[in-house]
Every structure is written in C-alpha cells, then in structure tokens.
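Welcome, and thanks for taking a look at this model with us. Please open the structure and keep the sequence at hand while you read.

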Amino acid sequence: MTPQISVSVALVTRNRSRSLERCLESWRRQTVAPDEIVVSDDSDDESAAETEAIARRYGCRYTRGPRRGLYANRNHASLQCRGTHILSADDDHTHPADYIAVVKQLISSDARRVWIFSERLPGDSTTPLTCPPELHRSGFGCAPADPSRCAAVADGASVYPRQIFDSGLRYDEAYMFGGLWYLWGKLLADRGWRITFSDRSFVWHHFWPDGATTDEGRFEDRAQLRQQLLTTTYVQFVGALWLDRSPVLLGWAAAYVLRRLLIPDSIIHFRVRTRLSVLGATRALWLALRARRAYLA
C-alpha cells in the first residue's frame with residue numbers, strides 16, 4: 001500500500017511582516033491546502049511579536065529561528081516539519097492556487113524524488129518556465145544538461161522527501177546568505193537523490209523589500225556584494241574538493257579567486273562591482289577545508 005502523503009511547508013522569514021502576510025494569504029487560497037505550514041522566524045526581537053501574530057492568525061505553527069543566517073533557518077524550519085514531504089518556501093513568494101495540488105500529484109508519481117520548480121515575476125503566467133541552474137565551475141549557476149536528473153534546486157520552491165533530513169543531510173551553514181543552494185543540490189545528487197524539474201507549476205517572486213516598490217539600493221551595497229562573492233568562492237572550493245573531487249575544478253577555483261582579488265566582480269542584479277580581500281578569500285578556503293567531514297561522511 002502507498003503511504004499517505006502529507007506536505008509540510010517550511011517557510012523562512014525575517015523582518016518582513018507585510019511580505020509574510022501576502023505570502024500566507026496565497027497559501028490559504030490553495031485549492032488543496034498544505035497539511036501544515038511551519039513559519040521559522042529569524043526576525044529581530046522588535047519584529048518577532050508581529051510576525052508570530054501573523055503566523056498564528058493564518059493557522060501556522062510558529063517557531064523562533066536560530067538567527068545564524070538563511071540556511072541555518074532553512075535547516076531549522078525543515079526539522080520542525082512533521083509531513084512525509086517538506087516543501088521549501090520563502091516569505092517573498094506567492095503561488096498559483098493549484099500549487100499544492102500539483103505538488104501532491106508529482107509526489108504521488110514518485111515519492112522518493114526531489115521535485116523543483118521555477119519562478120516568474122508577480123502576475124506573470126505566460127513566460128516559459130526553465131529549470132533552475134546547477135553549480136558551474138565559476139561558483140555561479142548553469143543550465144543542467146538534463147533537467148529530469150540534475151543537481152539543481154530551487155531554494156524556496158523544492159519539495160523533499162523527509163528521509164533526506166532524517167538521514168542527517170543539511171543545508172550548508174558556513175555563510176549567512178549567498179549561493180549555498182548550489183552545494184545543497186550537488187550534495188543531494190551525490191548521495192543518490194534524483195532531482196527533477198517540473199514546469200507544471202511555479203512561484204511568483206516579489207523581489208522588492210517589505211512594502212517597497214523598488215530595491216531601495218540593496219543592489220548597490222558593496223559590502224553585501226562582497227559577502228555574496230565570498231560565499232561563491234567557498235562554494236567553488238567545496239564543490240571542487242569534496243563533491244566533484246576534481247583537481248581541474250580546484251585549479252579553476254583558484255583562478256577565479258585570483259581574478260576576484262585583482263579585478264572587481266559582480267553578481268546578477270547588482271549594479272556595482274567589488275574585489276575580494278585576501279583575508280576573506282583565505283577564510284573561505286579555510287572553511288571549505290573544514291567542511292570535509294560534512295560532505296564526505
């Protein structure tokens with residue numbers, strides 16, 4: 001007999017009450033309701049009470065997050081879930097009304113597969129959906145050769161069998177934010193989990209900060225860009241050392257680091273460029289070397 005499917009939404013949030021309320025309104029308009037919504041809140045103390053009130057008003061299970069960064073919060077949210085499957089979610093997403101219905105249909109077709117989805121801008125229902133990227137030697141992403149069996153994940157729009165977390169696998173928490181999801185996808189594929197992109201549904205991603213209509217300068221913040229690039233450097237080293245275990249990719253990682261030390265670099269959406277510091281790049285390598293146990297266990 002096929003075990004009963006139950007979908008837990010693992011929703012992470014931080015200091016964005018208006019975004020969270022919009023997101024939860026979207027979840028509660030689903031034609032098929034999720035079996036539970038866990039809101040893991042990394043908000044500052046002055047915002048936490050309002051966030052908790054919103055979560056409880058929409059019938060969610062509220063928990064305080066660890067406040068060690070986005071991926072520590074994702075781990076925390078996922079581990080609080082009780083369902084057979086865990087659907088990652090962000091507070092700046094909204095969803096088509098049949099999103100959970102589609103998720104459950106896909107799980108029914110293969111309950112041991114990781115299913116991933118794409119995103120569109122708010123209100124857009126026509127742009128072609130493409131598979132999220134998987135790790136490239138640059139530390140950024142590239143289109144998978146086979147979206148039905150890939151190493152990509154959609155950070156806030158992927159559904160995981162709970163056995164993944166029960167087995168001890170976790171998102172990497174080395175940095176507070178940045179492209180650590182590339183390592184998560186590679187790790188799952190390396191451990192034998194099949195990851196498949198589905199274009200049967202998607203999420204709408206609201207890029208602007210809570211209540212804003214523009215990015216309010218966040219894509220001109222060189223300090224944040226530098227931290228993103230350091231995370232990218234760490235991702236390159238971990239991928240080359242412990243996942244691909246490739247001297248060639250390790251050489252590429254070293255080349256990219258040297259380039260970023262000498263020449264200002266940037267990331268998609270940012271309108272500024274910056275260089276890495278020697279100290280930051282050295283720490284990224286040191287953290288990557290220390291990550292051996294997590295990736296080779």
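Which helices each supply at least two residues of the lining of the second largest pocket? They are α9 (278-290) and α10 (292-296). Bear in mind as you explore that this is a predicted model.

The second largest pocket has a volume of about 360 Å³. Its lining is made up of 16 residues, and those nearest the centre are Asp-172, Tyr-234, Ala-291, Ala-294 and Tyr-295. Sorted by class, this lining contains 10 nonpolar residues, five charged ones and one polar one.

Now let's turn to strand β1. This strand spans residues 7-13 and is mostly covered, with seven of its seven residues buried.

| Partner of β1 | Sense | Bridges | A bridge pair |
|---|---|---|---|
| β4 (residues 85-90) | parallel | six bridges | Leu-11 with Ala-89 |
| β2 (residues 36-41) | parallel | six bridges | Val-9 with Ile-37 |

Leu-11 has its bridge partner, Ala-89, in β4, while the partner of Val-9 is Ile-37 in β2.

How is the β-α-β unit of β1, helix α1 and β2 handed, right or left? The unit is right-handed, and its helix α1 covers residues 17-27.

Notes:
Residues numbered from 1 in each chain as written. Predicted model: local features only at pLDDT ≥ 70, side-chain atom pairs only at ≥ 80, totals over all residues. Heavy atoms only, no water. 1 Å grid on protein atoms, 1.4 Å probe; cavity = no way out; pocket = protein on both sides within 12 Å on 5 of 7 lines; lining within 4 Å. Points joined across faces, edges and corners; volume = space filled by probe spheres on them. Helix = DSSP H or I, 4+ residues; strand = E, 2+ residues; numbered from the N terminus. Nonpolar A, V, L, I, M, F, W, Y, C, P; charged D, E, K, R; others polar. Buried < 20%, exposed > 50% of the residue type's maximum accessible area, 1.4 Å probe, protein only. Pairing = 2+ DSSP bridges. Right-handed = clockwise from strand over helix to strand, strands pointing away.
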